[in-house]
Amino acid sequence: MSSSSSPVQLELKAPPYPLDALEPYMSQKTLEFHWGKHHRGYVDNLNKQIVGTDLHGLTLEEIIVKSYNNGNPLPTFNNAAQAWFSIWNHDFFWSSMKPGGGGRPSGLVLELIEREFGSVEALLNEFKQAALTQFGSGWAWLGYKDGKIVVEKTANAVNPLVADYHPLLTVDVWEHAYYLDYQNRRPDFVSTFIENLLSWDAVSERLEEAIAKAA
Amino acid sequence: MTSSSSRVTAQLELKAPPYPLDALEPYMSQKTLEFHWGKHHRGYVDNLNKQIAGTDLDGLTLEEIIVKSYNKGSPLPTFNNAAQAWRPIWNHDFFWSSMKPGGGGRPSGLVLELIEREFGSVEALLNEFKQAALTQFGSGWAWLGYVEGIAVNPSASPEHNKLVVVQTPDAVNPLVLDFYPLLVVDVWEHAYYLDYQNRRPDFVSTFIEKLISWDAVSERLEEAIAQAAHRVFLSSSL
């Protein structure tokens, strides 16, 4: 994560690749709007909201957990919660993808997938269904919980940091994520994400971190 | 609004907007209408027809289907799956006819009177409507509606009827509340992304200034008042 424990202002963190690096699967134009306008907008909005409050200086994760307050969002934080969740989700989304992504998982990720779902195909099918059945705006996730890999979907800006599982992967299914390149064809977008963009390296790294934290 | 379905057909039809697909240029492009109406709206109709074929929802009008599925706030399990399919159809029909080529301008007559009484001015009303549209996080709709006073107080008299602005998420739709919709703007991103990308404020301003059909609002208000006078509530009529 980009924020340290002492900055006043959160910074907009760039994706870990140039804006044209995911062509033709996700266009530069999409990145320019999605990262450059939507994601940037959330960061600007949050910075405006926390100036002079006791959220100043917290890391993004601390802000999110504090604002969620175990399911009873505090009134003073409520307005900004969506901006905070959205920033974290988008940072996580960019690094869930890589140029030349797709392919297959290996090592421990593969082992856990096969144990829980039977096959990679079965897992990806469930992930795709979650992405397609998230009505309206939202996200589909792979997560690690109680020693297993799980598939989840969330609406709007809901973010799994406040749930009891460790996120490993996400796909953004707000329409702004795919409308310029795929218009209404969310299924095509999600298939392409799976086949050409998904970073199994990122999933592996995050699984290692999750296991270390859980231990 | 008129429903496209009759009681004897099994299939609901996709109702066309009341103008050609290029008629709202340059404020809403033909390309947007081709996707928004031709793909999204059409998709909802196709999906609903698949779901109701051979069930006891076959042959009902769209409004009947919607109210029956909502079941006064406790959706019936058998209908629950299809609820999301029904509401967007109604919402989109209502959205197309909330707009017209050469729209915008100002309300007049009784609409103007009620606006000024409730909000002080047209500007104040449109500002509140715009704020509702902009603060509906994620997907949803902003509405102007007519509420009867007796919705909140059984002994209210007609002077208590008034205009209100509301926002709803996803496919939630006010047919099941005690209020009569007069106008809606779709703020799902698919409604504006091709023409405005992330600039929802510009889209909503343009909708207000160039697309709103105040004629439709006036007609709907007349119908709402007539219905209210006969104390017909959709939610209790089935």
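Reader: On what conventions do the numbering and the values rest?
Author: Residues are numbered from 1 along each chain as its sequence is written, while chains are lettered from A and ligands numbered from 1 in the order in which they are written. In this predicted model, local features need pLDDT of at least 70 and side-chain atom pairs count only at pLDDT 80 or more, whereas totals for chains, interfaces and linings use all residues; side-chain values use heavy atoms, with hydrogens and water left out.

Reader: In what order do the three strands of the open sheet in chain A stand?
Author: Helices (H or I, at least four residues) and strands (E, at least two) are DSSP runs, numbered from the N terminus; two strands pair if DSSP finds at least two bridges between them. Strand E2 (148-155) and E3 of chain A each have a single partner strand, so one side of each is left without a neighbour in the sheet. The pairing is antiparallel, and the order in chain A is E2-E1-E3.

Reader: Which residue in E3(A) is the bridge partner of A:Trp139?
Author: Strand E1 (residues 138-145) of chain A pairs with E3(A) in the antiparallel sense over six bridges. Within E3(A), A:Leu169 stands opposite A:Leu142. The bridge partner of A:Trp139 is A:Asp172.

Reader: How many of the seven residues of strand E3 of chain A are buried?
Author: Buried means under 20% relative accessible area, exposed over 50%, and partly exposed in between (1.4 Å probe, protein chains only). Strand E3 (residues 166-172) of chain A is largely enclosed by the rest of the structure, because the number of its seven residues that are buried is six.

Reader: Which residue in E3(B) is the bridge partner of B:Trp143?
Author: Chain B has an open sheet of three strands in the order E2-E1-E3, with antiparallel pairing. Strand E1 (residues 140-147) of chain B pairs with E3(B) over seven bridges. In E3(B), B:Trp143 has as its bridge partner B:Val184.

Reader: At what angle do helix H4 and helix H8 of chain B pack?
Author: Axes are lines fitted to C-alpha atoms, for helices over the stretch in contact, and angles run from 0 to 180 degrees between N-to-C directions. Contact means heavy atoms within 4.5 Å; B:Leu110, B:Val111, B:Leu114 and B:Ile115 in H4(B) meet residues of H8(B) including B:Trp214 and B:Leu221. The axes of H4 (residues 109-119) and H8 (residues 214-229) of chain B are 8 Å apart, and the angle is about 85°. That makes H4(B), with 65 to 115 degrees as the range for this class, relative to H8(B) roughly perpendicular.

Reader: Which two residues touch the most other members of the largest nonpolar core?
Author: A nonpolar core is a set of buried Ala, Val, Leu, Ile, Met, Phe, Trp, Tyr and Cys residues joined through side-chain atoms within 4.5 Å. The largest has 66 residues, and the two that touch the most other members are B:Phe95 and B:Phe207. Its largest share, seven residues, comes from helix H3 (residues 77-96) of chain B.

Reader: Is B:Asp202 buried, exposed or partly exposed, and what is its relative accessible area?
Author: B:Asp202 lies in helix H7 (residues 200-211) of chain B. From B:Lys68 it is 134 residues apart in sequence and 37 Å apart in space, C-alpha to C-alpha. B:Asp202 is partly exposed, and its relative accessible area is 36%.

Definitions and conventions. Angles under 35 degrees count as roughly parallel, over 145 as roughly antiparallel, 65 to 115 as roughly perpendicular and the rest as oblique.
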